[in-house]
Amino acid sequence: MSVQTQIHTKPQAAARTAPAVPNKMVARDVKVFYGAKQALKGINVEIQENKVLALIGPSGCGKSTFLRCLNRMNDTIENCRVEGLIALDGEDIYGKGIDAVQLRARVGMVFQKPNPFPKSIYDNIAYGPRIHGMATGREELDEVVEKSLQRAGLWNEVKDRLREPGTGLSGGQQQRLCIARAIAVSPEVILMDEPCSALDPIATAHIEELIDELRENFTIVIVTHNMQQAARVSQKTAFFHLGDMVECDDTEEIFTNPRDERTQGYITGRYG
Amino acid sequence: MTVTASKSHYQSEEFARRLRGRYAAERNFKIAGIAALALASLMLVVLLTSIVSKGYTAFQQAQVRLEVTLDKAQVEERNYTAILRQALYAQFPQITDRTGKRTLNELLSSGAPYELEALVKQNPAIVGTTQTVWVRVDDEVDQFVKGNFSRSAPESERRLNDAKIAAIDAMVAKGTLVQAFNTTLFSAGDSREAEQAGIWGAIVGSMLTLTVTMLLSVPIGVAAAVYLEEFAPKNKWTDLIEVNINNLAAVPSIIFGLLGLAVFLGFFGLPRSAPLVGGLVMALMTLPVIIISARVALKSVPPSIREAALGIGASPLQTVTHHVLPLAMPGILTGTIIGMARALGETAPLLMIGMVAFIVDIPHGLTDSATVLPVQIYMWADSPERAFTERTSAAIMILLGFLILMNGLAVFLRKKFERRW
């Protein structure tokens, strides 16, 4: 497969970061079709380990579609066809050797609307480790639950009511519960699809702090409509427009010195 | 229209008139709705009143008290009829002629000797002693005691002649002929004699039939619904299957009876009148109902739950069995119980496979001859005796009771397991 690089990366910027941080995931010429309609027109992105990559762009530009390609959630959509190469640690995730179920355990996901299971807080977290056989016995499971909730910054708020339903928490707490649920299975990459769009500013601030902390252990890709959020939490930003990836660079570069005028138009609020 | 113009429009007489019109339309709609509800309630009240007023007397049965002397020789000959008759004659020492005695004989139920025999078998120690027993009277005497026959009609047009009425009145006055709770109705099978007829046989038949129906249609129906809703590709084949399932749900039930007759009796040679075949036919009939309601229940589970489970690496089957199915369960249960209630009340297909037979014995297995509640009602409704008329209504009340119970259970289960997200 021929790999064309359409990414406008400044040579010196690449020289500064590329050797230091290895690529966790790489997308080459990714095209997605919903039936006859093409949603992505050849995306090339590198996702660097232990960094936060923000995907920004106007509605319908394909950010979420691209995000869902990274853990093959698009498999569940009828008529959805993915072309091109997406590699995790150098291995094609659409290749024969990779199982979608196993992949999704390695590449976790947090959704736009908090979607805890209608079960207890404990069972929400414990479900993943249970089905993957990651904890044997009660004590080990308790430990995983506690650790996950602590890392998601929710432990102190819920430690006395682990048996209560997860759906009884506030919106922001529910979203942190979903993040805790995602990290409980020890993924390598966490995908977040507008995780704060249903939350108030205080809950949003909580999640943003959390994302910054999680970066130490995980590689994170976040879709956001909120420009300030992208600027606050991410190290890399990719701007999508009408199914194309227009520009991908260090967040600071994108926001201070965009190369493409569409990027500039979007981040300055001229359209989108 | 400019802003100022529209402002004056909202304050104009024209607008006020339209507003009144809108309120009037709403009021009329509410009145029509309440009227419809009232009419439906009235119909229900009329139906229930008619059934209850005709049927409540069937829960009582007239019995006569007799001092029977269980003579050893007579017991050995199994001549219980004679034992009973002697006890009855003893109450009327003034009647000595044959005609008078025959009149007395006719007061007792033809089943009374068997009752006495059963009593003796249960407790052989009573042979040789004198015992006070209550035995059933003939259904016509029972109806007379309940006041269902007129006394004033000329003797030739009456079911009971003057001599019988005199004897009955005498026994009622002495307190030896009284009405008691009709246990036979709940413990016996069918009979040609109304006072010996009960619906227990039909209830057991219904339970056996429904058990077969449930064991077949629930697992198959739920599995089919889960496959169609969660796994099957959406193409013209699945569309075709969906159209066919919806059509099957609307097929008249008698057609399923004919199918059962041709396939289960004709081809596989299964026994007639058997709950097994009845259950198979009912399973075919309720399957589309269960599939449709289960699919609706599965559809109502939000997709975010499926995404959440898939997103942490659950396999599609785990997603369904751990999350989607438990959340859809209340809806599936409701649909299942309503399907079962429909099967409980179904008559037509069972006529085709011979469950309309006159069966006295209580069925003990799936291949025993049996009938079911609605068919029993159908057969009793066909009987001309006044006593069967009230038993028909009583059986309808019992059937309605079961249906209310099942639907109540459906509501209870839905409320209990309903979960919000």
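Here is a friendly chat about a predicted model of chains A and B.

Biologist: How are residues, chains and ligands numbered or lettered here?
Modeller: Residues count from 1 along each chain as its sequence is written, while chains are lettered from A and ligands numbered from 1 in the order in which they are written. This is a predicted model, where local features need pLDDT of at least 70 and side-chain atom pairs count only at pLDDT 80 or more, while totals for chains, interfaces and linings use all residues.

Biologist: Which residue is the bridge partner of Gln61(B) in S3(B)?
Modeller: Strand S1 (residues 60-69) of chain B pairs with S3(B) in the antiparallel sense, over five bridges. In S3(B), the partner of Gln61(B) is Ala180(B).

Biologist: Which helix of chain B gives the largest share of the side that touches chain A?
Modeller: Residues are in contact if their C-beta atoms, placed from the backbone, lie within 7 Å, and helices are DSSP H or I runs of at least four residues. The contact takes 17 residues from chain B and 21 residues from chain A. On the chain B side, helix H14 (303-311) and helix H15 (316-344) are the elements that give two or more residues. The largest share, six residues, comes from H14(B).

Biologist: Which residues touch the most other members of the largest nonpolar core?
Modeller: Such a core is a set of buried Ala, Val, Leu, Ile, Met, Phe, Trp, Tyr and Cys residues joined through C-beta atoms within 7 Å, buried meaning 20 or more other C-beta atoms within 10 Å of a residue's own. Helix H7 (residues 171-184) of chain A gives the largest share of this core, seven residues. Among its 81 residues, those touching the most other members are Leu55(A), Ile190(A) and Val221(A).

Biologist: How far apart are the end C-alpha atoms of residues 25-267 of chain A?
Modeller: UniProt lists this span as "domain: ABC transporter" in an unreviewed entry, and such annotations may be inferred rather than shown by experiment. The span is 37% helix and 27% strand. Its end C-alpha atoms lie apart by 26 Å.

Technical notes:
Two strands pair if DSSP finds at least two bridges between them. Two residues are in contact if their C-beta atoms, placed from the backbone, lie within 7 Å. A residue is buried if 20 or more other C-beta atoms lie within 10 Å of its own, exposed if 12 or fewer, and partly exposed in between; C-beta atoms are placed from the backbone.
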